[in-house]
Amino acid sequence: MITRTRLATGVCALLAALTAGLAFPAGAAAGEPTGQDAPKVDLVLDVSGSMRARDIDGRSRMAAAKQAFNEVLDATPEEVELGIRTLGADYPGDDRKTGCKDTARLYPVGPLDRTEAKTAVATLTPTGWTPIGPALLKAADDLDGGDGSKRIVLISDGEDTCAPLDPCEVAREIAAKGIGLTIDTLGLVPTAKLSRQLSCIAEATGGTYTSVEHQDELTDKVNQLVDRAADPVVTPVPAEGADRCSAAPTLKSGLYTDREEFGQQRFYRVDVRPGQELRVSVSVGADRAVNPGHGVLLRAVTSKGREIVRGEAAGTGRTDVLSTGLRYPKADSDDEDAPAEAVCLAVSHSFSPASGVKTTPGLPLELTVDVVDAPDRAGDVAAFGLGRGWWLLGVLILTGFLAGLVWGWLSRWRVAVWRTN
(Lines give C-alpha, C1' and ligand atoms only; values in the text may rest on other atoms or scores of the structure.)
Protein backbone atom coordinates (compact mmCIF):
# COMPACT_ATOMS: atom_id res chain seq x y z
CA MET A 1 0.00 0.00 0.00
CA ILE A 2 2.87 2.39 0.89
CA THR A 3 4.61 1.59 -2.39
CA ARG A 4 1.44 2.32 -4.35
CA THR A 5 0.91 5.61 -2.54
CA ARG A 6 4.47 6.75 -3.20
CA LEU A 7 4.23 5.76 -6.85
CA ALA A 8 0.95 7.63 -7.32
CA THR A 9 2.41 10.68 -5.58
CA GLY A 10 5.47 10.64 -7.80
CA VAL A 11 3.43 10.31 -10.98
CA CYS A 12 1.14 13.18 -9.92
CA ALA A 13 4.16 15.35 -9.14
CA LEU A 14 5.68 14.62 -12.53
CA LEU A 15 2.43 15.41 -14.31
CA ALA A 16 2.07 18.63 -12.33
CA ALA A 17 5.60 19.69 -13.23
CA LEU A 18 5.07 19.00 -16.91
CA THR A 19 1.74 20.80 -16.90
CA ALA A 20 3.40 23.79 -15.25
CA GLY A 21 5.93 23.78 -18.07
CA LEU A 22 3.09 24.11 -20.56
CA ALA A 23 1.51 26.92 -18.58
CA PHE A 24 4.45 29.30 -18.97
CA PRO A 25 4.93 30.07 -22.67
CA ALA A 26 8.04 31.87 -23.72
CA GLY A 27 7.90 35.30 -25.26
CA ALA A 28 8.43 38.95 -24.58
CA ALA A 29 5.70 41.45 -23.94
CA ALA A 30 4.37 43.13 -27.05
CA GLY A 31 5.14 46.64 -25.91
CA GLU A 32 6.23 48.85 -23.09
CA PRO A 33 4.29 51.65 -21.40
CA THR A 34 4.32 54.59 -23.76
CA GLY A 35 2.62 57.29 -21.68
CA GLN A 36 5.34 59.86 -20.99
CA ASP A 37 3.15 62.77 -19.90
CA ALA A 38 1.52 62.97 -16.48
CA PRO A 39 -1.64 60.87 -16.08
CA LYS A 40 -4.83 62.94 -16.16
CA VAL A 41 -8.16 62.42 -14.38
CA ASP A 42 -11.33 64.49 -14.75
CA LEU A 43 -13.92 63.91 -12.02
CA VAL A 44 -17.38 64.65 -13.47
CA LEU A 45 -19.99 65.17 -10.76
CA ASP A 46 -23.76 65.28 -11.16
CA VAL A 47 -25.06 68.31 -9.21
CA SER A 48 -28.66 68.07 -10.42
CA GLY A 49 -31.61 68.62 -8.10
CA SER A 50 -32.00 64.91 -7.30
CA MET A 51 -28.68 65.01 -5.41
CA ARG A 52 -30.66 66.48 -2.49
CA ALA A 53 -32.10 63.03 -1.69
CA ARG A 54 -31.05 61.84 1.77
CA ASP A 55 -30.50 58.12 1.25
CA ILE A 56 -26.74 57.54 1.64
CA ASP A 57 -26.14 56.59 5.27
CA GLY A 58 -28.71 59.18 6.40
CA ARG A 59 -27.03 62.01 4.50
CA SER A 60 -27.81 63.71 1.21
CA ARG A 61 -26.14 62.39 -1.90
CA MET A 62 -24.47 65.78 -2.36
CA ALA A 63 -22.97 65.70 1.15
CA ALA A 64 -21.66 62.18 0.56
CA ALA A 65 -20.10 63.24 -2.74
CA LYS A 66 -18.44 66.29 -1.16
CA GLN A 67 -16.91 64.21 1.63
CA ALA A 68 -15.69 61.62 -0.87
CA PHE A 69 -14.11 64.33 -3.03
CA ASN A 70 -12.32 65.88 -0.04
CA GLU A 71 -10.85 62.52 0.96
CA VAL A 72 -9.90 61.71 -2.63
CA LEU A 73 -8.17 65.10 -3.05
CA ASP A 74 -6.09 64.40 0.07
CA ALA A 75 -5.04 60.99 -1.29
CA THR A 76 -4.40 61.90 -4.95
CA PRO A 77 -0.84 60.91 -6.00
CA GLU A 78 1.46 63.84 -6.71
CA GLU A 79 2.09 62.72 -10.29
CA VAL A 80 -1.62 62.78 -11.24
CA GLU A 81 -3.09 65.89 -12.86
CA LEU A 82 -6.68 66.13 -11.63
CA GLY A 83 -9.63 68.28 -12.60
CA ILE A 84 -13.31 68.55 -11.62
CA ARG A 85 -16.25 69.19 -13.94
CA THR A 86 -19.89 69.57 -12.94
CA LEU A 87 -23.17 68.96 -14.69
CA GLY A 88 -26.46 70.53 -13.62
CA ALA A 89 -24.82 72.87 -11.10
CA ASP A 90 -25.84 76.33 -12.32
CA TYR A 91 -29.23 76.50 -14.07
CA PRO A 92 -32.34 75.95 -11.88
CA GLY A 93 -34.95 76.79 -14.53
CA ASP A 94 -37.27 74.76 -16.75
CA ASP A 95 -35.88 75.63 -20.18
CA ARG A 96 -34.55 72.35 -21.50
CA LYS A 97 -32.27 73.92 -24.11
CA THR A 98 -30.50 75.98 -21.46
CA GLY A 99 -30.45 73.15 -18.93
CA CYS A 100 -28.76 70.83 -21.40
CA LYS A 101 -25.84 73.26 -21.71
CA ASP A 102 -25.31 73.33 -17.95
CA THR A 103 -21.84 71.84 -17.56
CA ALA A 104 -18.86 73.77 -16.21
CA ARG A 105 -15.20 73.23 -15.38
CA LEU A 106 -15.06 73.64 -11.61
CA TYR A 107 -11.30 73.00 -11.32
CA PRO A 108 -9.01 72.71 -14.39
CA VAL A 109 -7.09 69.53 -15.10
CA GLY A 110 -3.53 70.12 -13.97
CA PRO A 111 -1.21 70.03 -10.95
CA LEU A 112 -3.44 69.77 -7.89
CA ASP A 113 -3.83 72.57 -5.36
CA ARG A 114 -5.79 70.66 -2.72
CA THR A 115 -6.98 73.72 -0.81
CA GLU A 116 -8.27 75.46 -3.93
CA ALA A 117 -10.00 72.32 -5.19
CA LYS A 118 -11.71 71.67 -1.84
CA THR A 119 -12.90 75.27 -1.69
CA ALA A 120 -14.46 74.89 -5.14
CA VAL A 121 -16.22 71.66 -4.14
CA ALA A 122 -17.62 73.27 -0.98
CA THR A 123 -19.58 75.80 -3.07
CA LEU A 124 -21.67 73.17 -4.88
CA THR A 125 -25.43 73.01 -4.35
CA PRO A 126 -27.86 70.60 -6.10
CA THR A 127 -29.53 72.67 -8.79
CA GLY A 128 -30.68 71.60 -12.22
CA TRP A 129 -30.72 69.14 -15.11
CA THR A 130 -28.61 66.04 -15.90
CA PRO A 131 -26.77 66.69 -19.20
CA ILE A 132 -24.46 63.67 -19.09
CA GLY A 133 -23.75 63.58 -22.84
CA PRO A 134 -22.68 67.25 -23.13
CA ALA A 135 -20.60 66.91 -19.94
CA LEU A 136 -18.70 63.91 -21.34
CA LEU A 137 -17.90 65.79 -24.54
CA LYS A 138 -16.54 68.74 -22.55
CA ALA A 139 -14.60 66.42 -20.21
CA ALA A 140 -12.92 64.79 -23.22
CA ASP A 141 -11.82 68.28 -24.29
CA ASP A 142 -10.52 68.91 -20.74
CA LEU A 143 -8.19 65.92 -21.18
CA ASP A 144 -7.12 66.67 -24.73
CA GLY A 145 -3.40 66.55 -25.53
CA GLY A 146 -0.46 64.52 -24.27
CA ASP A 147 0.21 60.81 -24.46
CA GLY A 148 -0.24 59.90 -20.79
CA SER A 149 -3.23 57.96 -19.49
CA LYS A 150 -6.57 59.80 -19.51
CA ARG A 151 -9.54 58.88 -17.35
CA ILE A 152 -12.99 60.36 -16.76
CA VAL A 153 -14.75 59.33 -13.56
CA LEU A 154 -18.48 60.10 -13.90
CA ILE A 155 -20.59 60.14 -10.72
CA SER A 156 -24.35 60.47 -11.22
CA ASP A 157 -27.61 59.62 -9.45
CA GLY A 158 -29.91 59.86 -12.47
CA GLU A 159 -30.08 59.10 -16.16
CA ASP A 160 -29.41 61.74 -18.80
CA THR A 161 -32.22 64.26 -19.38
CA CYS A 162 -30.92 65.67 -22.65
CA ALA A 163 -31.78 63.01 -25.24
CA PRO A 164 -31.51 62.59 -28.21
CA LEU A 165 -27.84 63.25 -27.43
CA ASP A 166 -27.45 59.70 -26.10
CA PRO A 167 -24.51 59.58 -23.62
CA CYS A 168 -23.77 56.00 -24.65
CA GLU A 169 -23.33 57.12 -28.27
CA VAL A 170 -21.20 60.00 -27.03
CA ALA A 171 -18.93 57.52 -25.26
CA ARG A 172 -18.61 55.47 -28.44
CA GLU A 173 -17.68 58.57 -30.41
CA ILE A 174 -15.00 59.36 -27.83
CA ALA A 175 -13.67 55.81 -28.08
CA ALA A 176 -13.65 56.02 -31.88
CA LYS A 177 -11.24 58.97 -31.73
CA GLY A 178 -8.53 56.56 -30.55
CA ILE A 179 -7.19 58.95 -27.87
CA GLY A 180 -6.91 56.22 -25.23
CA LEU A 181 -9.49 57.78 -22.90
CA THR A 182 -11.29 55.55 -20.40
CA ILE A 183 -14.62 56.44 -18.77
CA ASP A 184 -15.49 54.88 -15.41
CA THR A 185 -18.99 55.41 -14.03
CA LEU A 186 -20.48 55.30 -10.55
CA GLY A 187 -24.22 55.25 -9.93
CA LEU A 188 -25.49 56.66 -6.62
CA VAL A 189 -28.42 54.52 -5.41
CA PRO A 190 -29.13 53.70 -9.07
CA THR A 191 -32.32 52.58 -10.77
CA ALA A 192 -32.22 49.76 -13.32
CA LYS A 193 -32.39 52.29 -16.16
CA LEU A 194 -29.50 54.33 -14.77
CA SER A 195 -27.41 51.19 -14.28
CA ARG A 196 -27.93 50.21 -17.92
CA GLN A 197 -26.99 53.66 -19.15
CA LEU A 198 -23.86 54.01 -17.00
CA SER A 199 -22.79 50.45 -17.85
CA CYS A 200 -23.08 51.21 -21.57
CA ILE A 201 -20.99 54.38 -21.19
CA ALA A 202 -18.25 52.50 -19.34
CA GLU A 203 -18.19 49.49 -21.68
CA ALA A 204 -17.83 51.71 -24.75
CA THR A 205 -14.39 52.87 -23.58
CA GLY A 206 -13.22 49.80 -21.64
CA GLY A 207 -14.07 51.35 -18.28
CA THR A 208 -15.94 50.03 -15.25
CA TYR A 209 -19.37 50.64 -13.72
CA THR A 210 -20.01 50.51 -9.97
CA SER A 211 -23.24 50.83 -8.02
CA VAL A 212 -22.78 52.87 -4.82
CA GLU A 213 -25.12 53.04 -1.83
CA HIS A 214 -22.77 53.92 1.03
CA GLN A 215 -20.29 56.72 1.77
CA ASP A 216 -17.25 54.50 2.23
CA GLU A 217 -17.96 52.68 -1.05
CA LEU A 218 -17.97 55.97 -2.93
CA THR A 219 -14.71 57.19 -1.39
CA ASP A 220 -12.91 53.87 -1.85
CA LYS A 221 -13.95 53.45 -5.48
CA VAL A 222 -13.04 56.98 -6.59
CA ASN A 223 -9.68 56.66 -4.81
CA GLN A 224 -9.07 53.37 -6.56
CA LEU A 225 -9.82 54.84 -9.98
CA VAL A 226 -7.59 57.88 -9.43
CA ASP A 227 -4.75 55.61 -8.27
CA ARG A 228 -5.26 53.39 -11.30
CA ALA A 229 -4.65 56.36 -13.57
CA ALA A 230 -1.12 56.60 -12.17
CA ASP A 231 -0.32 52.99 -13.10
CA PRO A 232 1.92 52.53 -16.17
CA VAL A 233 -0.18 51.83 -19.25
CA VAL A 234 0.44 50.90 -22.84
CA THR A 235 -1.24 53.51 -25.00
CA PRO A 236 -2.60 52.01 -28.25
CA VAL A 237 -1.49 53.75 -31.42
CA PRO A 238 -4.27 54.47 -33.95
CA ALA A 239 -3.75 52.52 -37.17
CA GLU A 240 -6.13 52.61 -40.12
CA GLY A 241 -6.19 49.25 -41.84
CA ALA A 242 -6.69 48.97 -45.60
CA ASP A 243 -9.17 46.97 -47.66
CA ARG A 244 -6.37 45.10 -49.45
CA CYS A 245 -2.88 43.87 -48.72
CA SER A 246 -1.08 46.13 -51.20
CA ALA A 247 -2.39 49.28 -49.49
CA ALA A 248 -1.93 48.09 -45.90
CA PRO A 249 0.02 50.25 -43.42
CA THR A 250 3.33 48.80 -42.19
CA LEU A 251 3.35 48.15 -38.43
CA LYS A 252 6.22 47.53 -36.05
CA SER A 253 6.10 45.83 -32.63
CA GLY A 254 3.49 47.56 -30.48
CA LEU A 255 -0.18 47.95 -29.58
CA TYR A 256 -2.59 49.37 -32.16
CA THR A 257 -6.26 50.30 -32.25
CA ASP A 258 -8.69 50.59 -35.13
CA ARG A 259 -12.39 50.35 -35.98
CA GLU A 260 -13.82 47.67 -38.26
CA GLU A 261 -17.24 47.90 -39.87
CA PHE A 262 -19.65 44.96 -39.94
CA GLY A 263 -18.81 42.66 -42.84
CA GLN A 264 -15.47 44.40 -43.43
CA GLN A 265 -11.95 42.97 -43.66
CA ARG A 266 -8.91 45.03 -42.57
CA PHE A 267 -5.30 44.49 -43.72
CA TYR A 268 -2.07 45.43 -41.95
CA ARG A 269 1.51 44.66 -42.98
CA VAL A 270 4.50 43.54 -40.90
CA ASP A 271 8.04 42.96 -42.21
CA VAL A 272 9.63 39.76 -40.85
CA ARG A 273 13.32 39.10 -41.41
CA PRO A 274 14.90 35.62 -41.56
CA GLY A 275 15.48 34.29 -38.04
CA GLN A 276 12.57 36.27 -36.59
CA GLU A 277 9.14 35.20 -35.34
CA LEU A 278 5.94 37.19 -35.76
CA ARG A 279 3.48 37.00 -32.87
CA VAL A 280 0.10 38.70 -33.27
CA SER A 281 -3.11 38.84 -31.27
CA VAL A 282 -6.33 40.66 -32.05
CA SER A 283 -9.36 41.51 -29.93
CA VAL A 284 -12.68 42.79 -31.25
CA GLY A 285 -15.14 44.26 -28.77
CA ALA A 286 -18.93 44.40 -29.09
CA ASP A 287 -19.57 47.91 -27.77
CA ARG A 288 -23.25 47.77 -28.72
CA ALA A 289 -26.05 45.19 -28.96
CA VAL A 290 -25.15 42.40 -31.41
CA ASN A 291 -26.82 39.16 -32.40
CA PRO A 292 -25.60 35.96 -30.70
CA GLY A 293 -23.22 33.72 -32.60
CA HIS A 294 -20.12 35.42 -33.99
CA GLY A 295 -16.43 34.91 -34.59
CA VAL A 296 -13.09 36.59 -35.17
CA LEU A 297 -10.57 35.47 -37.78
CA LEU A 298 -6.91 36.54 -37.98
CA ARG A 299 -4.85 35.36 -40.97
CA ALA A 300 -1.22 35.85 -41.94
CA VAL A 301 -0.92 35.83 -45.73
CA THR A 302 1.80 36.52 -48.26
CA SER A 303 1.71 39.59 -50.49
CA LYS A 304 0.22 37.32 -53.19
CA GLY A 305 -2.61 36.18 -50.93
CA ARG A 306 -1.38 32.72 -49.93
CA GLU A 307 -2.38 31.91 -46.37
CA ILE A 308 0.52 31.09 -44.06
CA VAL A 309 -1.20 30.53 -40.72
CA ARG A 310 -4.45 31.54 -39.04
CA GLY A 311 -6.07 32.01 -35.66
CA GLU A 312 -9.79 32.06 -35.00
CA ALA A 313 -12.28 32.23 -32.15
CA ALA A 314 -16.05 31.88 -31.88
CA GLY A 315 -18.53 33.24 -29.35
CA THR A 316 -22.18 32.91 -28.43
CA GLY A 317 -22.79 36.36 -26.95
CA ARG A 318 -21.79 35.57 -23.36
CA THR A 319 -18.74 37.85 -23.56
CA ASP A 320 -18.28 41.33 -25.04
CA VAL A 321 -14.78 40.70 -26.46
CA LEU A 322 -13.41 37.96 -28.71
CA SER A 323 -9.67 37.42 -29.07
CA THR A 324 -7.41 35.19 -31.11
CA GLY A 325 -3.75 35.08 -32.13
CA LEU A 326 -1.12 33.45 -34.28
CA ARG A 327 2.65 32.84 -34.51
CA TYR A 328 4.76 32.71 -37.65
CA PRO A 329 8.51 31.97 -37.43
CA LYS A 330 10.63 32.66 -40.48
CA ALA A 331 13.56 30.27 -40.89
CA ASP A 332 17.05 31.74 -40.66
CA SER A 333 19.10 32.29 -43.80
CA ASP A 334 22.80 31.95 -44.55
CA ASP A 335 22.54 35.10 -46.63
CA GLU A 336 23.08 38.08 -44.32
CA ASP A 337 21.50 40.37 -46.91
CA ALA A 338 18.35 38.29 -47.28
CA PRO A 339 15.35 40.64 -47.53
CA ALA A 340 12.53 40.78 -45.04
CA GLU A 341 9.25 39.09 -45.94
CA ALA A 342 6.16 41.29 -46.10
CA VAL A 343 3.49 39.45 -44.12
CA CYS A 344 -0.04 40.78 -44.38
CA LEU A 345 -2.41 40.40 -41.45
CA ALA A 346 -6.07 40.07 -42.46
CA VAL A 347 -8.60 40.71 -39.70
CA SER A 348 -12.31 39.97 -40.07
CA HIS A 349 -15.25 39.27 -37.78
CA SER A 350 -18.78 37.92 -38.11
CA PHE A 351 -20.54 40.16 -35.58
CA SER A 352 -23.93 41.40 -36.80
CA PRO A 353 -25.85 44.34 -35.31
CA ALA A 354 -29.10 43.79 -33.46
CA SER A 355 -32.23 45.34 -34.90
CA GLY A 356 -32.22 49.14 -34.78
CA VAL A 357 -28.57 49.39 -33.68
CA LYS A 358 -26.27 51.84 -35.43
CA THR A 359 -23.56 50.26 -37.56
CA THR A 360 -21.14 53.20 -37.40
CA PRO A 361 -18.56 53.70 -36.15
CA GLY A 362 -17.20 50.17 -36.57
CA LEU A 363 -16.47 47.84 -33.68
CA PRO A 364 -13.29 48.61 -31.68
CA LEU A 365 -10.33 46.47 -32.69
CA GLU A 366 -7.07 46.11 -30.77
CA LEU A 367 -4.03 44.55 -32.42
CA THR A 368 -0.85 43.50 -30.64
CA VAL A 369 2.20 42.94 -32.85
CA ASP A 370 5.49 41.51 -31.63
CA VAL A 371 8.50 40.59 -33.78
CA VAL A 372 11.13 38.65 -31.81
CA ASP A 373 14.06 36.32 -32.42
CA ALA A 374 12.72 32.99 -33.64
CA PRO A 375 13.27 29.70 -31.76
CA ASP A 376 16.23 27.57 -32.82
CA ARG A 377 13.97 25.17 -34.70
CA ALA A 378 11.49 27.51 -36.34
CA GLY A 379 9.96 24.74 -38.42
CA ASP A 380 8.70 22.98 -35.31
CA VAL A 381 6.73 26.07 -34.29
CA ALA A 382 5.21 26.50 -37.70
CA ALA A 383 4.09 22.87 -37.87
CA PHE A 384 0.89 23.05 -35.87
CA GLY A 385 1.19 26.12 -33.69
CA LEU A 386 2.26 24.20 -30.57
CA GLY A 387 5.93 25.11 -30.89
CA ARG A 388 8.15 23.34 -28.36
CA GLY A 389 5.04 22.17 -26.54
CA TRP A 390 5.12 19.07 -28.77
CA TRP A 391 7.86 17.39 -26.76
CA LEU A 392 6.02 18.16 -23.54
CA LEU A 393 2.88 16.64 -24.99
CA GLY A 394 4.88 13.57 -25.98
CA VAL A 395 6.35 13.23 -22.49
CA LEU A 396 2.88 13.50 -20.97
CA ILE A 397 1.58 10.72 -23.24
CA LEU A 398 4.58 8.49 -22.45
CA THR A 399 4.27 9.18 -18.73
CA GLY A 400 0.58 8.27 -18.78
CA PHE A 401 1.33 5.06 -20.65
CA LEU A 402 4.07 3.99 -18.22
CA ALA A 403 1.96 4.94 -15.21
CA GLY A 404 -0.85 2.75 -16.56
CA LEU A 405 1.51 -0.21 -17.00
CA VAL A 406 2.94 0.14 -13.47
CA TRP A 407 -0.52 0.56 -11.97
CA GLY A 408 -1.78 -2.54 -13.78
CA TRP A 409 1.24 -4.57 -12.66
CA LEU A 410 0.77 -3.49 -9.02
CA SER A 411 -2.92 -4.35 -9.16
CA ARG A 412 -2.21 -7.84 -10.53
CA TRP A 413 0.54 -8.39 -7.97
CA ARG A 414 -1.76 -7.40 -5.12
CA VAL A 415 -4.51 -9.73 -6.39
CA ALA A 416 -1.98 -12.56 -6.64
CA VAL A 417 -0.76 -12.01 -3.08
CA TRP A 418 -4.35 -11.90 -1.83
CA ARG A 419 -5.17 -15.19 -3.51
CA THR A 420 -2.01 -16.81 -2.14
CA ASN A 421 -2.88 -15.75 1.41
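## Helix packing, cores and loop residues in a predicted model

H2 passes H8 in a right-handed crossing, where right-handed means that the near helix is turned clockwise from the far one by less than a right angle, and left-handed anticlockwise. The model is a predicted one, in which local features need pLDDT of at least 70 and side-chain atom pairs count only at pLDDT 80 or more, whereas totals for chains, interfaces and linings use all residues. Residues are numbered from 1 along each chain as its sequence is written, and side-chain values use heavy atoms, with hydrogens and water left out.

The two helices pack at an angle of about 35°, with their axes 9 Å apart; axes are lines fitted to C-alpha atoms, for helices over the stretch in contact, and angles run from 0 to 180 degrees between N-to-C directions. On the H2 side the residues that meet H8 include Ala64, Ala68, Glu71 and Val72, and their counterparts in H8 include Leu218, Val222 and Val226. By class, this contact has 9 nonpolar, 4 polar and 2 charged residues, with Ala, Val, Leu, Ile, Met, Phe, Trp, Tyr, Cys and Pro counted as nonpolar, Asp, Glu, Lys and Arg as charged, and the others, Gly among them, as polar.

The protein chain as a whole has 10 helices and 15 strands, which are DSSP runs numbered from the N terminus (helices H or I, at least four residues; strands E, at least two). Of its 421 residues, 45% count as buried, a term for under 20% relative accessible area, with exposed meaning over 50% and partly exposed in between (1.4 Å probe, protein chains only). Among contacts (heavy atoms within 4.5 Å) between residues at least 6 apart in sequence, 76% join residues at least 24 apart.

The largest nonpolar core has 32 residues, and those with the most contacts inside it include Leu45, Ile155, Leu218 and Val222; such a core is a set of buried Ala, Val, Leu, Ile, Met, Phe, Trp, Tyr and Cys residues joined through side-chain atoms within 4.5 Å. Elements that give two or more residues to this core include strand E1 (40-46), helix H2 (61-75), strand E5 (181-188) and helix H8 (215-229), and H2 gives the most, with 7 residues. Apart from this core lies another, of 26 residues, among them Ala239, Val296, Val343 and Leu367.

Alanine 239 is placed in the loop between strand E7 (237-238) and strand E8 (254-260), and with a relative accessible area of 11% this alanine is buried. Leaving out residues up to four places away in sequence, alanine 239 touches Leu251, Tyr256, Thr257, Asp258 and Tyr268. Alanine 239 and aspartate 258 are 19 residues apart in sequence, yet 5.7 Å apart in space, C-alpha to C-alpha.

Most residues other than glycine have a negative phi, and most peptide bonds are trans.

The peptide bond from threonine 360 to proline 361 is cis, with omega near -5°, and proline 361 is found in the loop between strand E14 (341-349) and strand E15 (363-373).
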